[in-house]
Every structure is written in structure tokens, then in C-alpha cells.
Amino acid sequence: MTTLDETRFAAQSAVRPKRGNVFIALSLLLAVIAVFSLAIGPTGISLQALPRAIAAALGYAPEGTAERDRLVLIDLRMPRTLLAAFVGAALATAGAMMQGLFRNPLADPGLIGVSAGAALAAVATIVLGNTVGAPIVSLLGIYALPVAAFFGGLITTIGLVAIAARRGQLAIGTLLLAGIAVGAFASSISGFLAYASDDRELRDLTLWSMGSLSGASWQKVLAVLPFAIALTFLVPRLTRALNGFLLGEAEALHLGIDTERTKRLTVVTTATAVGAAVAVAGVIGFVGLVVPHVMRLISGPDNRVVIPGSALLGAALVIFADIVARMAVRPAELPIGIVLALVGAPVFLHLVLKRGVGGWE
Amino acid sequence: MREARRLLFIALSFAATGLGCLHVLAAAEENAAATPRILSIGGDITEILYDLGQQDKIVAVDTTSLYPANALKDKKAVGYMRALSAEGVLSVNPTMIIASEQAGPPEVVTALKSSGITYVDISDKPSAVGVPEKIRHVGRVIGAEAAADALAKKVESQFAALETERKHIKTPKRAVFILAIVNGRATVGGSGTAADAILRLAGVENAAAAVSGYKPVSDEQLTEFAPDVVVTMSRGGSDQHKAAQALTLPGLSQSPAAKTNKIIEMDGLYVLGFGPRAPAAAHDLMKAIYAEAGQAATAP
């Protein structure tokens, strides 16, 4: 394994930046943007208020302005920044893993049905929540939508793997085509539900499908924390095996990689990451597709750099887009999906035209 | 190393952008005044507050507050009522939020309720009972009970007068309310909608009552509705082109409404908002529908 990685990437490493440097630079970028995300908001409360806010949170400060500082800094901006970081890291990691598994620069988590499944569950919650599904939805309260979206995505993907697996073998080609079929089926049911919805539900649907972090809360941060921890441990175990997949599945098998386990683990890990991200922030496109490409342009195709690097860069990008989303039309707010594509697409196009499609030539 | 340096450069430009934002914000620091600062969310609620003479206490409104027209010009807008931003709302420094029960998203409403700002939910029932209830509730929370009671009584008496007029209608006409026409397909107001409520208040039978909610319907279904009158909605300035378009829909071209060219166009918030102007809107609609002349009528 080590020999494979070292020989394959030895040539590139001469001209590529050192792995350590890339991670240090990306971590710095993420830290700087995260601090700004805490310091910037439509209320104009700056980080100078942080000590007061912390004192208020601990119960030492008198009521009044400190209480407002606490609310904005600690209850609104902090969970928002943390959730943005999680969503960006999860989506970018998932995109990088999908591109590695399918060996296709256009692969994104949509291919394994997770987005369509999550969207179907969310649409069903919004449209049926007032009528047929009312007992379940009222039981879960404001958590009905995130819970439904998460399990909708995960169940769809697990079902897809069960469909695509023949005699214990998960064929990538079958997975891809079955994924398209399942995705189309789920989307058509979503479409039917959207057709049956009233104008208010339709508005909610549209807003959800453009993504937003404005509903961030500490409860949501706690809810995604287990996923963040699980992904931090799981994903690095897959990066070496995915390097093997760069050569092709048969070659990876000959290199002694347990390809069957790798495929299933990658698919389920991706579905979990995307499901959790969609649950807390709605549909946020672009990050999963583009961030891994930017990482490859920076560091070359080594998944040991691309995947963790994508997590850092994705987190930084989504936090930055969220700052723009909440500041651009204040006191109102833009859906973050619009901001990401608007800012990101031209930058990405510039990179591609200037540098070529890194790693896929 | 070149790449690392480039990343550092990107980080620094992000930092510079951020600092710029901070600077602008510090300059725009606001100071809270002693008078109550009301944030009004919902077109009907803004209308009630203006009618009660409380407009000076409003600091911001949502984007559905289209009437009176200067509300959105004079006040800050915190965005669409179902896509509010918690910090955006806090940034206008309200001391009281009066919101339609339709305000959202729910997480933001929860955060605002826990912020220490008085948050009032106003229920939204499009009916002759719902409107005065709404007015009294708003009056109670802002301490203008007397004015609110007077306004509610006025609205109630207008609704009562409307009811008397409805009794004089011998043969009720059948109307279809068309919310929008997209790709040649009409979205109609079915039962359970504000459109259905205003039609009934105007003494008209909703020909599309079999549909529930606002739904796009096929031409074949429209043929079946066979309305005597078509009511459409304008957004601000009159759009005769769109109004005329409704009657050329294949599903309506053979209807009694098309034969007599009976199409009525009214302002959206006026007819569907169910604010204090609701009885007047219903009355205008009634007058326009039961007017003798079969010409196209445009109500104010």
C-alpha cells in the first residue's frame, strides 16, 4: 500500500506543495473565516462583545445589552458557524469520495440517491405535515423535517445498494444506473407531492431547496456532532483504498484492497454525511462537486490530501458563503445555495480554464 | 510553497473583505429609543397598525406589507415572512414583534421568542369573524384597545351590511378566482383559501370549490367550472393584457364569462389580505360582479 502511494505520487510531489503545508494553509484559512463569521452579522455586534456575552451565558452579567450580545454571538452566530463548517466539510468530503469511487469528475452524491431520497422525505413532511402526516410531524415538532430528510436519504441509499448488489457483489456500473433510476423515481414522487401542495407549502419547498443556515441552533449542532466525529474517524480509513480505485477496480483488487468493503463503506459514509448536511441546511449544491476539483488543482490526485483538504476547504467556503448570505440584503437574508453558485461558479471556471482539469487528464 | 502562499493570499483577501464589512457596520450602529419599536410581519398586520395610527412605532415590516404603499418605502424590510433571519430581525432593534401565525421558519421564530423581545402571534382566519378578532388582538398588545375596538366595530358593521346585501341576491353567480396563469395553465383558488372566502363574502358561488387550495387546473376542468365571472389578481399596476388572456384560455373561451366578457381584476393584497379593507374588497367585488353592464370592469 505504502509503496503504491509513494511511487504513484512521487513524481508529482516534486512540483506539488508538501502535504503538511497544504493542511496548515487550509486550516489557517478556515480559522480566519470562522472568526470573521463570529464577528460579522447584521446587528453589528462585534467580537469585542464576546467577553460580555460569555459572562451573560454563565450568568454573571446584568440584563440588558449583554443579554442581547449573548443571544447573537453565542446562540445565533456560533451554532451557525459550526453548522456551516460541518455542512461544507460533509458535502465536500462526500463529493470527493463519490468522484473517487466512480472515477468520474462529474460524480456527486446525487448519484447514489441520497439527495433525491432526502428531498422526497422533506417534501412529504412539508406537504403532508398538516394533513395525513400530522400526528408524526407534531410529535417531532420542528425536528420532523431534519429527521425525515436524514432517514429518507439514508434509507434510499441502503435500498439502492441492496438493489444493485448481485450475489454479494456491488457492481459500480449497476450502482450508477440503478442510482439514476431510483433518483428519478423519488424525484417524480416529490414532483407529485409538490403538485398537490398549496401555495404556502410550495414556497416552503422552494426555500428549502435553495438551502439556508438561518435555522441553526445548538440543538442542531449537538445533533450533527456524532456524525462529525464518526466521519472524522471513518473517512481517513477509506482514502488509501480510494487511491487504489484511481487505477481501476480490478487493479485495486489486485493490490490487495478489499474492494467490496470499500465500495459499501464509501457509499454508506457518503449517504450519512450528505443526509446529515441536508437535514440541517436543506439542499446545498455546488460544494460537493467543485471543492474536490479545486483541491486536486492545488495538490494533485492523492486522495490522502484531496479528501481531508476538501473537508477544510468546503467548510471554509460554506462559512464564507453564509457570511455573504446574511449580509448582502440585510436585514433580510439570501438562500445560501444561490450565493455559493453565484460566487463559486466563475471562480471555478477561471481555475479550470487556467489550470486544466486536475487529476482527470 | 507557491501554492501555500497563494492560499495564504486567498485567506488574507477574505480577511480584508470581512474587515470592510465590520467597518461599515460599526458606522451604522443604531441607538434604541424610548418609544416602542414594532416589527410588523404580515401585510394585514401592517395595515391594521397603520389604520390604528401606530405607523410611527413601526421600525420594520416584511415584504408582504404592500399596503399602504409607503410602508415598504419608509420602513426597513426584513425579507419574506416565511424566510426570516433571526439576526436580521434583531438588527432592526425591535422591542415588539407582531407577526402573522404564518411567519417562519419555525427555528427562527423559536429563537426570536426566546430573545426577550415581546413576540405576538396573530391568528389568521380569512372570515368575517377573523378580521375583527385580529384587529382587537393587535390593539390589545400595543395598548390601543379603544381605537382597535372602534375599527373592529366599523369592520363588523361593514360585514353586517354586506350580509344584508347578500340576501338581496336572487340568483347567485358562479365565479372562478384565477391566481396566476403559467404556461397557459390557470391556478385557481379552491375551497379553504382566502379567495374562496372573499368570493362567498361577495355573494358569489365559487365554481372551483371542488378543488382544495390553490391548484393549477386543466382546460378540461375549467370547462366544467363554466363560470359566469372570472376574477383575477393584479400585482400593483393594472395588467389588462393578462386579464384579457384569462378569457382566451381554451377552457374558458366557451364559458358564460367569456360570452359576456365578464372579467374582474383586483389588487392581490386588497382581496386576499383579510385586513381591515376586507369588507370593502368584498363589497367592490360584489358590485363589480352584479353590475348590470356586461363590460369588463376593473375595481379599484
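Predicted model: local features only at pLDDT ≥ 70, side-chain atom pairs only at ≥ 80, totals over all residues.

In which loop of chain B is the place of Pro105(B)? Pro105(B) sits in the loop between strand 4 (96–100) and helix 5 (106–113) of chain B.

Pro68(B) belongs to the loop between strand 2 (58–61) and helix 3 (70–74) of chain B. As background, most peptide bonds are trans, and most residues other than glycine have a negative phi.

That second remark brings up two more residues. Asn93(B) is not a glycine, yet its phi is positive, at about 55°. You will find Asn93(B) in the loop between helix 4 (86–91) and strand 4 of chain B. In chain A, Phe286(A) has a positive phi near 80°, and it too is a residue other than glycine. Phe286(A) is placed in the loop between helix 12 (259–281) and helix 13 of chain A.

Now to helix 13 of chain A itself. Helix 13 (residues 287–299) and helix 14 (residues 303–327) of chain A have axes that come within 9 Å and cross at roughly 125°. At that angle, helix 13 of chain A is therefore oblique to helix 14 of chain A. The crossing is right-handed. On the helix 13 side, the contact includes Val287(A), Val291(A), Pro292(A) and Arg296(A). On the helix 14 side, Gly309(A), Leu313(A) and Leu317(A) are among the residues involved. Sorted by class, this contact of helix 13 with helix 14 of chain A has 10 nonpolar, 4 polar and 1 charged residues.

Next, another pair in chain A. How far apart are the axes of helix 5 and helix 8 of chain A? The axes of helix 5 (residues 114–128) and helix 8 (residues 172–195) are 9 Å apart, and the helices pack at an angle of about 15°. That angle is why helix 5 of chain A counts as roughly parallel to helix 8 of chain A. Their crossing is left-handed. Helix 5 of chain A contributes residues including Ala116(A), Leu120(A) and Val127(A), which meet a set in helix 8 that includes Gly183(A), Ile189(A) and Leu193(A). By class, the contact of helix 5 with helix 8 of chain A has 11 nonpolar, 4 polar and no charged residues.

On to salt bridges. Over all chains, the structure holds 22 of them. One joins the side chains of Asp69(A) and Arg52(A), at 3.0 Å from N to O. Asp69(A) lies in helix 4 (residues 65–102) of chain A and Arg52(A) in helix 3 (residues 50–57) of chain A, so this pair ties together parts 17 residues apart in sequence.

Last, the interface. Between chain A and chain B there are 3 salt bridges. Asp204(A) and Arg82(B) form a salt bridge through their side chains, at 2.6 Å, N to O. In terms of contact, 45 residues of chain A touch 45 residues of chain B. The two chains bury about 3800 Å² between them, with 68% of that on carbon and sulfur atoms. Tyr195(A), Arg200(A) and Pro331(A) supply 15% of the area that chain A buries against chain B, more than any other three residues.

Notes
Residues numbered from 1 in each chain as written. Chains lettered and ligands numbered in written order. Heavy atoms only, no water. Axes fitted to C-alpha atoms, helices over the stretch in contact; angles between N-to-C directions. Helix = DSSP H or I, 4+ residues; strand = E, 2+ residues; numbered from the N terminus. Parallel < 35°, antiparallel > 145°, perpendicular 65-115°, else oblique. Left-handed = near helix turned anticlockwise from the far one by under 90°. Contact = heavy atoms within 4.5 Å. Nonpolar A, V, L, I, M, F, W, Y, C, P; charged D, E, K, R; others polar. Buried area = accessible area lost by both parts, 1.4 Å probe. Salt bridge = Lys/Arg side-chain N within 4 Å of Asp/Glu carboxyl O.
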